[in-house]
Amino acid sequence: MPTPEADPERHHHHRGRTTRPPAAVVRQARPSLRQLFRVASVACGIQFGWALQLSLLTPYVQELGIPHAWASVIWLCGPLSGLIVQPMVGHMSDRCTSRFGRRRPFIVAGAACIAVSVLIIGHSADIGWMLGDRGGVRPRAIGVFVFGFWILDVANNVTQGPCRALLADLTGKDHRRTRVANAYFSLFMAVGNILGYATGAFSYWYKVFPFTLTSACDVNCANLKSAFIIDIAFIALTTYLSTSAAQELPLGSSDRNTPFADEEPGHSSQAEEAFLWELFGTFRYFSASIWLILLVTGLNWIGWFPFLLFDTDWMGREIYGGEPNEGRNYSDGVRMGALGLMLNSIMLGATSLLMERLCRKWGSGFVWGISNFIMALSFLAMLVITFVNKSLGHDSPPLGIVIASLVVFTILGIPLAITYSVPYALISSRIESLGLGQGLSMGVLNLAIVVPQVLVSLGSGPWDQLFGGGNSPAFAVAAVAALASGLVAILAIPRSIPQKPRSFT
């Protein structure tokens, strides 16, 4: 993305002039692959926290007293904040004139908010106890938990969009480097997942941090609190590594890289008021291929979100036959689910290393479609495993059932790696030709992610209860959505034209 050089006066814009300076004049030096690698490392810290959130918080909120049918509603903040916050942050970062750059101030602010929010979540039981909670259902702790959880989701959305946009800024119109940068991002997400899920699966953190065990906070709670303390240190480290490597140039008033932005600095308040019009106004610039990418993304996330919400809960309920706060089976299943998600992340990382080669050989659309078929088959396999395990009727699951479940979790790492990389590379390369800011473009893509998440958050609990409880009905819908997204990706998205290999420095 164009950025001004050291002498901005050389390219001064007069009022009403709409042409941009030549790209060769304002473009900063192309970053090396090592720099892109370091910039992408922030994904590791973000995903470490996400891994803890995804593996531990749905079971934990049920232990606080939220019924299973309503546990998914707690997650509603994620898509709602993504619907509003991430596009707004993308819009603001496209126009940010801070001397620290466009994206880095938002990344640092988001990381700081993540640290505060996980402290609130980890101490929710203690705060609830101080406010008078006693007994099995702890309404005050639930209120504190939800408050911290919603701050965490907002902070995640503040951070992730600028991270993606920063990589798109640094790679510019080089589509191959864009794919490589997104593969790095996906790789670091995998590493963060591995470390986060391994942290969540370890059941003796309360011995490492003995002060976390209190009258209100039992062993499971203390392990959660300890894991979030580690998360704070980890995200601080990766944020520093990423932002110190980016070397962003400050954005001058002459470089508002969106088709709507030709106003001067004094009109910034008018620009903010026009934000929603600008966001939805970008739709008229979209080609059919962009709409197809958004459609596949939407179907894709109707498939993914039930799994991300209920993966460890499925292992605790359907495989281990447990219930929250009723014996050890449920907590044992949750920890085994976290182990499965760690294996999933190892597969995700391995797939990320092969991403560029696969997309260059077969085309991004085809690779995306095949991965969605794998995803659909995996969800069907989970339904079969659930049925077989119930028919056996054991108090604890046979070893073969546990192994089969772990294998499915592992295989799902392949399509998850592609979901985390290919759509962003596809939308970034197509948005670039329209002259839209990358922050705004990532916000628009995010709309195709969060709308399905809202539907799943509101509907999955009642839908599961309609068929007698459990997680299988939601996984059945996920399998159908994944199959549909695969068909659209293969039949409608044109294969990317392979670029000739070039040397990177």
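**Cysteines, cores and crossing helices**

Author: Let's begin with a cysteine: Cys221 has 2% relative accessibility, so it counts as buried; buried means under 20% relative accessible area, exposed over 50%, and partly exposed in between, using a 1.4 Å probe and protein chains only. Bear in mind that this is a predicted model, where local features need pLDDT of at least 70 and side-chain atom pairs count only at pLDDT 80 or more, while totals for chains, interfaces and linings use all residues. Residues are numbered from 1 along each chain as its sequence is written, and side-chain values use heavy atoms, with hydrogens and water left out.

Reader: Which cysteine does a disulfide join to Cys221?

Author: A disulfide is a pair of cysteine sulfur atoms within 2.5 Å. Here the partner is Cys217, with 2.0 Å from S to S. The link between Cys217 and Cys221 is left-handed, with -100° about the S-S bond. That rule gives a count of 1 disulfide.

Reader: Is Cys217 buried or exposed?

Author: Cys217 is buried, because its relative accessibility is 1%. Cys359, at 4%, counts as buried too.

Reader: How many residues does the largest nonpolar core have?

Author: In soluble globular proteins, nonpolar side chains tend to be buried together. A nonpolar core is a set of buried Ala, Val, Leu, Ile, Met, Phe, Trp, Tyr and Cys residues joined through side-chain atoms within 4.5 Å. The largest one here has 112 residues, and Phe145, Trp304, Phe307, Phe379 and Met382 have the most contacts inside it. Helix α14 gives the most to this core, with 14 residues; helices are DSSP runs of H or I, at least four residues, numbered from the N terminus.

Reader: And at what angle do the axes of α3 and α14 cross?

Author: Two packed helices are described by the angle between their axes and the distance between the axes. Axes are lines fitted to C-alpha atoms, for helices over the stretch in contact, with angles from 0 to 180 degrees between N-to-C directions. Helix α3 (residues 42-63) and helix α14 (residues 288-319) have axes that come within 7 Å and cross at roughly 65°. On the α3 side, the contact (heavy atoms within 4.5 Å) includes Leu54 and Pro59, and on the α14 side Phe310 and Arg317 are among the residues.

Reader: Where is Glu323 found?

Author: Glu323 sits in the loop between α14 and α15 (329-362). Glu323 touches Arg317 and Tyr330, leaving out residues up to four places away in sequence. Glu323 and Pro59 are 264 residues apart in sequence, but 9.5 Å apart in space, C-alpha to C-alpha.

Conventions. Helix = DSSP H or I, 4+ residues; strand = E, 2+ residues; numbered from the N terminus.
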